[in-house]
Amino acid sequence: MTDEKSSGFFEGRFYNKKALKLKILDLIRNKGLITKQQIAKELGINITTVSDLVNQFKDKNRIIKETGDGSSSGGRKPKVYTINSELGYIVGIDVGGTNTRGILTDLSGSLIHYLKVKTKAREGKDAVLARVISVVNELITLAKIPREKLFGIGMSISGIINSYEGISIFCPNIPGWENFPIKQIMEKEFNIPVCIDDSVRCAAVAEKRFGIAKDHDNFIFISIGKGIGMGAFIDGKIYRGSMGLAGELGHITVSEDGPLCNCGNKGCLEAIASGPGILKRAQEGIKNGIVTSISKEINNNFEKLSVEIISRAANEGDKFAYYLINRTGEYIGIAIAAALNLFGSDLVVLWGGILECGDIILDAIKRTVKMRALEFISKRVRIEKTSIGDNIAALGAAQTFIDMLYSESDYNILLKKF
Ligand SMILES: [Zn+2]
């Protein structure tokens, strides 16, 4: 082997040595277990190159390890390789409006420790930041790992996030985190690389790695809760766009003269179909004298009004509550149909508190998508709820960091570190 610039051809495209190394490492982590022969075959490169690099990763860098023999149809059994997961660890942290969830994973993304604390956003931006920092420290202590083994931190924040520059542009859940350079602050605090992204894109990344989207290279992941957002996977990669914030499905207009949105615009999907949007519409209806069992339940105290109460009333046959939830599903369905016509995805994964409204909302979403998306798409698309629990965004934040370790970015410390 010669210098770093030398290399082979891969899929007709010239890769330098560094790209080739990352490609091999990425293949090993994706396959879990693989032989040198399989790597050579899969990437279409010669076995001597693979052998040299694999030996280097194993003996010099220790990024991979040998793990027993592979099956063989006679003759000497080939060696099998896997990622040396304990080489380093990653923290994933999801800063939500109510809870902050932190996880610690190994280099393969397997969960090792988990922590949940209240975000207490009302205490202000510095108090929230201090809590985030203490969650990271606590995870390191819990896992009993030396600090130098923490490779990096992935952060998930709900809002409009410039993932490239690591800035929280607009964060309705945490007052003060507007134009907040969180990546820079965290990197200074821990002296390791940090990446940040919107919670929906993080959750989409987790769904792709661990959930029902595992075998889908093109899917859209939609979150419907306090806000509405989307993470789109295109050809196997999360799409961030040129400004690092693509997927703001909540801020497309679905009603030209509709209610005012947090973003300053009118009639955005989020202003109508998010949790707060539903409450606002319910309140207006009741104030206008609509007869509903909800009025009795809240006894004219609108502070008591919740999506849960509306949902329960709808399921018990209250016509107004049913109308509200069904209409919400229709608005969401219109937006999803538009996204499907744009991306041509074959899977939609839904996430968020609104799904607790049950079949009424899900049926309305599916019915509307069937009616509004192009027939060719609507006949083939599957619409499912997420298969991952409450840790989804924290898992995805850690996974986003891990993905960057294996790709050509400033984060590939795997090759720089050793
Ligand atoms: Zn908006």
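## A buried arginine and its partner

Arg131 counts as buried because its relative accessibility is 18%, where buried means under 20% relative accessible area, exposed over 50%, and partly exposed in between (1.4 Å probe, protein chains only). The side chain of Arg131 forms a salt bridge with that of Glu123, at 2.5 Å from N to O; a salt bridge is a side-chain nitrogen of Lys or Arg within 4 Å of a carboxyl oxygen of Asp or Glu.

## Basis of the description

This is a predicted model, in which local features need pLDDT of at least 70 and side-chain atom pairs count only at pLDDT 80 or more, while totals for chains, interfaces and linings use all residues. Residues are numbered from 1 along each chain as its sequence is written, and side-chain values use heavy atoms, with hydrogens and water left out.

## Domains

The domain assignment gives domain 1 (9–83), domain 2 (87–205 + 392–416) and domain 3 (214–385); such bounds come from an automatic or database domain assignment. Between the C-alpha centres of domain 1 and domain 3 the distance is 45 Å.

## The zinc site

Four residues supply the protein donors of the zinc ion: His251 through ND1, and Cys261, Cys263 and Cys268 through SG, at 2.1 to 2.4 Å from the ion. Donors are N, O and S atoms within 2.8 Å of the metal (3.2 Å for Na, K and Ca); water is not among the atoms, so sites may look incomplete. Along the chain, the spacing of these donors is H-x9-C-x1-C-x4-C. His251 and Cys261 both lie in the loop between strand S15 (237–238) and helix H7 (269–273), so this pair ties together parts that are 10 residues apart in sequence. Helices (H or I, at least four residues) and strands (E, at least two) are DSSP runs, numbered from the N terminus.

The arrangement is tetrahedral because the 4 donor atoms around the zinc ion subtend angles of 103 to 125°; four donors count as tetrahedral if all angles lie between 85 and 135 degrees. Cys261 counts as buried because its relative accessibility is 7%.

## Further salt bridges

The count of salt bridges comes to 17. One of them joins the side chains of Lys58 and Glu66 at 3.7 Å, N to O, and Glu66 is partly exposed at 36% relative accessibility. Another pairs Arg382 with Glu384 at 3.0 Å, N to O. Arg382 is partly exposed, with a relative accessible area of 36%, and Glu384 is likewise partly exposed, at 30%.

A network of salt bridges links Asp26, Arg29 and Asp403.

Conventions. Tetrahedral: all angles 85-135°; square planar, octahedral: opposite > 155°, others 65-115°.
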